[in-house]
Every structure is written in structure tokens, then in C-alpha cells.
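Hi there,

Here is the structure I promised to pass on to you. Have a look at it first, and then read on for what turned up.

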Amino acid sequence: AMTASSGHDTRLYARDHEMVAILNAQHQNPHYLGDIELPKGIRASTDAAAVLDGADTVLAVIPAQAMRDGLSKLKTLIPQSAPVILCAKGIERGTGRLMSEVVAEVLPDHTIAALSGPSFATDVARGLPTAVTIACADATIAEELAAILSGPAFRCYSTTDLKGVEIGGALKNVLAIAAGAAIGRGYGASAQAALVTRGFAELRRIAQAMGAKPETIMGLSGLGDLMLTCSSPQSRNYSYGLALGRGEDLSNRPLAEGVATAPIAAELCERHAIAAPIIAAVAALLAGKITINEAVTALINRPLKSED
Ligand SMILES: NC(=O)C1=CN([C@@H]2O[C@H](COP(=O)(O)OP(=O)(O)OC[C@H]3O[C@@H](n4cnc5c(N)ncnc54)[C@H](OP(=O)(O)O)[C@@H]3O)[C@@H](O)[C@H]2O)C=CC1
Ligand SMILES: O=C(CO)COP(=O)(O)O
């Protein structure tokens, strides 16, 4: 929707024939975006070759755990000259790879970028004002992509800190589950703020260990997306946490990337001796190893320390 609103020829590949037919005929995507009116310029197709033929920029918008498989199937069709912009927020299960590392293995000769920041799909599709970060190791390409993607209500800031952008996007989902679970269990807004703030300290430590820039973590793709995702039931990760906290049935819920990312993030922190008790608690909670009450009691009774 954002590229079509900016006047770009926008083609969408999807595997669901019915969705493609409805999108082309009614300019809506009822399953994912309700009755939101999408720009008429978007042309959808189930024919990947036709969609990707001659594309000068490709946005990869599939869940993190499906990224390797999804792009592998399309790799011969993606034009060599087209930068691939990753929109998924997560760490790959099994390998611990960031999305850019996954794509570097699948498409080793392509320019890789990542688009991330506080941006609910429904807000962007409605044309509500949104600001995000686009990252690419090549500063000129990052700036060019920011200019291409920005539009009347969509503002892109550019950075070369690909890792920083990816780490913020992946970990905010894990922390949103913690925030939602605390509210769902009835611990209140003070506990929620404490979890988000101390979770942010964990995010900063991990980012530093991985060589990300502090400015990126303090920016839209870090703090910005953390604020959004940890405070709004519109977030699928936060609402997953809410349901967990309320003891609701967790089957058949919409995608919550933090569920897959939590255990791998906790394992990475343990392996690199990075203190991340909240991320570890989310992983243990999701694995059914502890209850929310046990997690909160353990967190609040940790040895006292300075606030760093
Ligand atoms: N929704 C949002 O507000 C935002 C989402 N993101 C990120 O974008 C990524 C995708 O999320 P989102 O689009 O919301 O997820 P959804 O679950 O809403 O949609 C997933 C899309 O990916 C397709 N898909 C799923 N699995 C595969 C697969 N194995 N191969 C090919 N296509 C597949 C689905 O197709 P089908 O319908 O055929 O199953 C569907 O079109 C996530 O990492 C998310 O964190 C980032 C910013 C905002
Ligand atoms: O990443 C998002 C907003 O920036 C969407 O969050 P959820 O995946 O939790 O819905």
C-alpha cells in the first residue's frame, strides 16, 4: 500500500488464489486487512515469475521462520539488480541467524536491506502517518530506498546499521509477550513499564554485544517499535501475551513472531553470557517451564544491582 500510494508500479505475489482475485477486483484483503480500501494500483498475482519480472526493488514480507524457504523458492526469479528489502522481524530457529544472514545465504549476490519500525500493517494500509527506518550497509542505497518508499503519510529514515535494525525488530516481539502477559495476569501498568524498561536494557546489551549502534536502538526500529508493540492490543505479540496471562486458549492465534524468537534469543544470550532475565523468563514461560507468577517473583527478587 505504501509503495502504491507513492505512485510506484506495485505488484504483489501471493499463493492464495482467492485472496488475489478479491484484491484485484475489490482492492481489499479481507483476511488480513479487513475492509480497508487499498490503492487501486496494486496488482496481485499467484504467478511469481510475472510479478518479479523486471522488478527493480523486492520487498520480502513473509514470517521470519518461513523466510529461508520462501525466498529459496523464488531465488531464480528475483532480478540480480533488485535490492531485497526484508520486512520480517525475527531470528531464525535452529540457526540463530538474523534475516539478513539467512538471505545472504540464499541470495549471496543481492543487495540486502531491512525495513522496520513502529508500523502496524493496518495503520499503513489506512494511510495513517507512520515513520520507520530502512537499513542497508551501502549508505547511498539506503538513502535511495528511503526516497522510493517514503510517501504522503509514510516517512523513512535511513541507516547503514542493518544489524541494529534487525535486532530491535526481533526482540521487541519477545518483550511485547512479557508486557502482555503481565497485564493479562493482572500485575498492572507499573509492572508493565518496569518490564518494558528493563527489557529495553536487555535489548541494548544484546545490541552492543552484536556490534549494533546505540542510536539505532534508541530510534524508530528499536525504542519506537518497542513502545508501540508493548502497549497496544493491536500488536499480535502483545495480545498473545495478554491471552497467555489470562490463561486463554493459545491455539489458532494470528502470527506472533516472538514465540519462535524467544527461545533462540534466550539461548544466544546464554551462550554469549549476556544478562537477559526477562527474555529468558519469556522463553521459559512459553516452554511451560514456569508460571507467570513464578517468573515475576523470580525477576523481582533477583540480587539488587545498579541500574545499567
Ligand atoms: N502485520 C504488521 O503489522 C507487521 C508485520 N511485520 C512483519 O512482517 C512479517 C510478516 O508478517 P505479516 O504479513 O503480518 O504476517 P501474516 O501472518 O499476517 O501474513 C503472512 C503472509 O506470509 C505468507 N506466508 C506465510 N508462510 C509462508 C511461506 N512458508 N511461504 C510463503 N508465504 C508465506 C502468508 O500467505 P498465506 O496467506 O497464503 O498463508 C501471508 O501472506 C513478520 O515478520 C512481521 O513481524 C512487520 C511490520 C508490521
Ligand atoms: O511489528 C509490528 C509493528 O511495528 C507488528 O507487531 P505484531 O507483529 O506484534 O502485530
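Which polar backbone atom lies 2.8 Å from an oxygen atom of ligand 2? The backbone atom belongs to arginine 236. The protein covers 93% of the 310 Å² of accessible area that ligand 2 has on its own (accessible areas come from the Shrake-Rupley method with a 1.4 Å probe, and for residues only the protein chains shown count as cover).

Before going further, a word on how to read this. This is a predicted model, where local features need pLDDT of at least 70 and side-chain atom pairs count only at pLDDT 80 or more, while totals for chains, interfaces and linings use all residues. Residues are numbered from 1 along each chain as its sequence is written, chains are lettered from A and ligands numbered from 1 in the order in which they are written, and side-chain values use heavy atoms, with hydrogens and water left out.

**Ligand 2**

**Ligand 1**

Arginine 236 turns up again here: an N or O atom in its side chain is 2.8 Å from an oxygen atom of ligand 1. Taken alone, ligand 1 exposes 880 Å², and the protein buries 74% of that. A polar backbone atom of lysine 89 lies 2.9 Å from an oxygen atom of ligand 1, and for a backbone N or O atom of cysteine 87 the distance is 3.4 Å. There are 15 residues around ligand 1, and Arg15, Tyr32, Ala121, Arg236 and Glu257 come nearest. The shell divides into ten nonpolar, one polar and four charged residues.

**Cavities and a pocket**

How many cavities of 30 Å³ or more does the structure hold? There are three (on a 1 Å grid over the protein atoms alone, a cavity is a set of points where a 1.4 Å probe fits but cannot get out, and a pocket is an open set with protein on both sides within 12 Å along at least five of seven lines; lining residues have an atom within 4 Å of a point). The largest cavity has about 110 Å³ of space (grid points are joined across faces, edges and corners, and a volume is the space filled by probe spheres set on the points). Its lining has twelve nonpolar, no polar and no charged residues, including Ala178, Leu195 and Leu299.

The second largest cavity, of about 70 Å³, has Cys87 and Lys89 among its lining residues.

The second largest pocket has a volume of about 520 Å³. Of its 19 lining residues, Ala194, Arg198, Leu299, Ile300 and Arg302 are the closest to its centre. Helix H10 (189-209) gives the most to this lining, with six residues.

Aspartate 16 sits in the loop between strand E1 (10-13) and helix H2 (17-26). A polar atom of the aspartate 16 side chain lies 3.0 Å from the backbone nitrogen of glutamate 18 and one lies 3.2 Å from that of methionine 19.

Asparagine 252 has a positive phi of about 55 degrees although it is not a glycine, and its loop runs between helix H13 (236-246) and helix H14 (257-271). Alanine 273, in the loop between H14 and H15, also has a positive phi of about 55 degrees without being a glycine.

Happy exploring!

Note on methods:
Near = heavy atom within 4 Å. Polar contact = N/O pair within 3.5 Å; in protein donor to acceptor, adjacent residues only side chain to side chain. Nonpolar A, V, L, I, M, F, W, Y, C, P; charged D, E, K, R; others polar. Helix = DSSP H or I, 4+ residues; strand = E, 2+ residues; numbered from the N terminus.
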